[in-house]
Amino acid sequence: MERTNHQKKDFIYQVVRHLNREEIICHFDLYSLFRHKQLSLSRIIIAEFDAVVERDPMLAWISRALPGEETRFNGPRPVRNHFLKGLLSHNATTAFHVTVEPNHRRKSTDDITAMYKIPDFGVAFLQCLQRQGVNPQWGRAPLRVWYKFRLQLYSILHRGMVMPSQLVQAYPPSLEFPYGNCDTVLLSLIQPSGEYVDMVAQVRAVFQVFHRSDTAVPVSLSAPLVYVQLFDFVSPPDADVAMWVVERQFSQSGSQVGTIVALTDITHPIELIPVYGKTLNPEVNSKTSLEVYNQLFE
């Protein structure tokens, strides 16, 4: 296969066809090998490498499948390994990255309350300080605020492979997003018994106490914190949908239950799908559906 001016229009089709043939040949060779060796074809996972791999597996496969003449092609940027310099979870299975420069350098708790429209932010921050045994005076300190952060995991099938990082957003309400543009995550929170419990939450704000380099700061405040609103699991997967159903937590006053936890308590980003019911509200769109509905599939 050669790329000439005459073949320019259908060159992409040729590449796709070539990749498809390569994949079919690889699958046939693998099947033939398993059958020849009389190996089971179910639930076989072979770890090929022990060293940590930072390359995107999709790009690695494409680079092997492309014809030899094609050595350059446009693709996603290389995978950056945040496990080397980023924040790590308590079990070192999740890495986090926030930019050096925040979106806001100095905001008060009242500023964040007004900007994000979360009236219990100040109370939640004081409760967080109390749980950590920190002087409540830190609740008056200015806060640095980010609108997003990156989360990175190892591959489930290959523990030595670093997967591309995923973006988690926590934008305040705006004209385009009247309820904010905030993603959902899975938390792993330690209980008084010492056990960890998984919870579904929506990230509403990412912040860190601002302090000068010559000021001693409590360890629990040295890394970013997140204000999240929690969900309860209300029903397990059924035969038809095979998905959990979660529901927003509300207090007796009718407001959503929020709390502040460490950024490193997050384990995975997740996608929630609203339980629309039999009819869809015509006023709901892709920018508001996650906020309007209280029950969602997970």
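Colleague: What should I know before reading numbers off it?

Modeller: This is a predicted model, so local features need pLDDT of at least 70 and side-chain atom pairs count only at pLDDT 80 or more, while totals for chains, interfaces and linings use all residues. Residues are numbered from 1 along each chain as its sequence is written, and side-chain values use heavy atoms, with hydrogens and water left out.

Colleague: What's the average pLDDT of the chain?

Modeller: The chain averages 82, and 82% of the residues score at least 70. pLDDT is the predictor's confidence in each residue, from 0 to 100.

Colleague: How many bridges join β2 and β5?

Modeller: Four, between β2 (residues 94-97) and β5 (residues 148-153), in the antiparallel sense. Ala-95 stands opposite Gln-152, and Thr-94 stands opposite Leu-153. β5 also pairs with β6 (residues 166-171) over four bridges, antiparallel as well; there Arg-150 has Leu-167 as its bridge partner.

Colleague: Now the inside. Which residues of the largest nonpolar core touch the most other members?

Modeller: Tyr-116, Phe-121, Phe-125, Phe-207 and Ile-260, in a core of 22 residues. The elements giving two or more residues to this core are α3, α4, β4, β9 and β10 (225-235), and α4 gives the most, with five. A nonpolar core is a set of buried Ala, Val, Leu, Ile, Met, Phe, Trp, Tyr and Cys residues joined through side-chain atoms within 4.5 Å. Buried means under 20% relative accessible area, exposed over 50% and partly exposed in between (1.4 Å probe, protein chains only).

Colleague: What does Ile-260 touch?

Modeller: Leaving out residues up to four places away in sequence, its contacts include Phe-121, Phe-125, Phe-207, Leu-225 and Tyr-227. There is also a second, separate core of 21 residues, including Ala-170, Val-185, Leu-189 and Ala-201.

Colleague: Back to α3: which of its residues are buried?

Modeller: In α3 (residues 109-116) they are Thr-109, Ile-112, Thr-113, Met-115 and Tyr-116. They pack against β3 (104-107), α4 (121-132), β4 (143-146), β6 and β9 (196-209). Lys-117 follows α3 and has a positive phi, near 60°.

Colleague: How many aromatic pairs does a search of the whole structure find?

Modeller: Nine. Rings of Phe, Tyr and Trp (its six-membered ring) pair if their centres lie within 6.5 Å; planes under 30 degrees apart count as stacked, over 60 as edge-to-face and the rest as tilted. One of them is Phe-96 with Phe-149, tilted, at 6.4 Å centre to centre and 50° between the planes. Phe-96 lies in β2 and Phe-149 in β5, so the pair ties together parts 53 residues apart in sequence. Phe-121 and Tyr-227 form another tilted pair, at 6.0 Å and 55°, linking α4 with β10 across 106 residues.

Colleague: Are Phe-121 and Tyr-227 buried or exposed?

Modeller: Phe-121 is buried at 0% relative accessible area, and Tyr-227 is buried at 0% too. Together with Phe-125 and Phe-207 they form one aromatic cluster.

Colleague: Last one: what does the side chain of Arg-248 make a polar contact with?

Modeller: The side chain of Gln-202, at 3.1 Å. The Arg-248 side chain also reaches the backbone oxygen of Tyr-293 at 3.4 Å. A polar contact is a pair of N or O atoms within 3.5 Å; within protein, one must be able to donate a hydrogen and the other to accept it, and residues adjacent in sequence count only if both atoms are side-chain atoms. Arg-248 sits in strand β11 (residues 245-248) and counts as buried at 3% relative accessibility.

Note on methods
Two strands pair if DSSP finds at least two bridges between them. Contact means heavy atoms within 4.5 Å.
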